[in-house]
Amino acid sequence: MNKCQPQSFMVVMCIFTLSTGFTDFFVKENVYEKTQNVISDIQKTTLPSVEITGFESKELSEYKPYHFVSDDSDPFSVKAFVEEVGRIQSAENSDSCEGDECGDGPPAPHAPFFLENYSLDQLAMTGTLSSPTKGKIALIMTPDSGIVNAAVGEYIGRQNGLIIAINREVMIIQEKYRTAQGWQNRNASLPLIRN
């Protein structure tokens, strides 16, 4: 046993020495210093590209702030000249008309027609027919009710649209709009859609 003891002691000492040596190797060098060395090496070896394409380098002028100087405490308050312009414009608009006597006259009172439930952009003219009593009749396709017929003198659309003409290619509608100057007429059309 005595002979083995020195050998085991030697093994333990070798292991201790080796482990201490490796530990000293890793612990002696400071991690912060090692990181700084890596960063400085990267900065020394990395250079900006000489050929940069795609933009021009422009010299920026120095920013010079603007100092607002005024007698008023609030730069956003309404000034007197703005109020004056407002009075002039309201005087110009004094020809606006509240009643129905101005403009092209109000829409004629009538019983509501089925096609007045839709705006014109929801409707499409798909064809025409000739009737001995009503003349030309337009075939109008609605989004949910299929094909509905319409004749001159009937109303269509949501803007008091009176059908004033129907031919093979197009239907002409006179709509009435309410403006500041009273009721105004505007013609619209519903062209034939070919499938």
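Guide: Let's start where strand 5 meets strand 6: a hairpin joins them through 3 residues. This is a predicted model, so local features need pLDDT of at least 70 and side-chain atom pairs count only at pLDDT 80 or more, while totals for chains, interfaces and linings use all residues. Residues are numbered from 1 along each chain as its sequence is written, and side-chain values use heavy atoms, with hydrogens and water left out.

Visitor: What makes strand 5 and strand 6 a pair?

Guide: Two strands pair if DSSP finds at least two bridges between them. Strand 5 (161–166) and strand 6 (residues 170–179) are joined by 4 bridges and run antiparallel, so they qualify. As for the names, strands are DSSP E runs of at least two residues and helices are H or I runs of at least four, numbered from the N terminus.

Visitor: How do you know that strand 6 also pairs with strand 7?

Guide: Here the count is 10 bridges, again in the antiparallel sense. Thr179 stands opposite Gly182 in strand 7, and a hairpin through 2 residues makes the link from strand 6 to strand 7.

Visitor: Why are strand 4 and strand 7 said to stand at the edges?

Guide: The open sheet has 4 strands in the order 4-5-6-7, with antiparallel pairing. Strand 4 and strand 7 (182–191) each have a single partner strand, so one side of each has no neighbour in the sheet.

Visitor: What makes Arg186 and Glu175 a salt bridge?

Guide: The rule wants a side-chain nitrogen of Lys or Arg within 4 Å of a carboxyl oxygen of Asp or Glu. The closest N and O atoms of Arg186 and Glu175 are 3.2 Å apart, so the pair passes. The structure holds 1 salt bridge. Arg186 sits in strand 7 and Glu175 in strand 6, so the pair ties together parts 11 residues apart in sequence. Glu175 also stands opposite Arg186 in the strand pairing.

Visitor: Is Glu175 called buried or exposed, and why?

Guide: Buried means under 20% relative accessible area, exposed means over 50%, and partly exposed is in between (1.4 Å probe, protein chains only). Glu175 has 4%, so it's buried. Arg186, at 45%, counts as partly exposed.

Visitor: What makes the link between Lys176 and Asn185 a polar contact?

Guide: A polar contact is a pair of N or O atoms within 3.5 Å; within protein, one must be able to donate a hydrogen and the other to accept it, and residues adjacent in sequence count only if both atoms are side-chain atoms. The side chains of Lys176 and Asn185 make theirs at 2.6 Å. Lys176 lies in strand 6 and is buried, with 11% relative accessible area. Contact means heavy atoms within 4.5 Å; leaving aside neighbours within four places in sequence, the contacts of Lys176 include Asp104, Gly105, Gln159 and Trp183. Gly105 is in the loop between helix 3 and strand 1. Gly105 is buried at 15%.

Visitor: Why is the pair of Phe113 and Tyr155 called tilted?

Guide: Rings of Phe, Tyr and Trp (its six-membered ring) pair if their centres lie within 6.5 Å; planes under 30 degrees apart are stacked, over 60 edge-to-face, and the rest tilted. By this rule there are 2 aromatic pairs. Phe113 and Tyr155 are 6.1 Å centre to centre with 35° between the planes, hence tilted. Phe113 is in the loop between helix 3 (80–92) and strand 1 (124–131), while Tyr155 is in strand 4 (residues 155–156), 42 residues apart. Phe113 is partly exposed at 29%, whereas Tyr155 is buried at 9%.

Visitor: What are the planes of Phe114 and Tyr118 doing?

Guide: Their ring centres are 5.7 Å apart and the planes stand at 70°, so that pair is edge-to-face. Phe114 is partly exposed at 39%, and Tyr118 is buried at 8%.

Visitor: Which residues touch the most other members of the largest nonpolar core?

Guide: Such a core is a set of buried Ala, Val, Leu, Ile, Met, Phe, Trp, Tyr and Cys residues joined through side-chain atoms within 4.5 Å. Of the 17 residues in the largest one, those touching the most other members include Leu115, Met125, Ile156 and Leu190. Strand 2 (135–142) and strand 3 (146–151) are among the elements giving it two or more residues.
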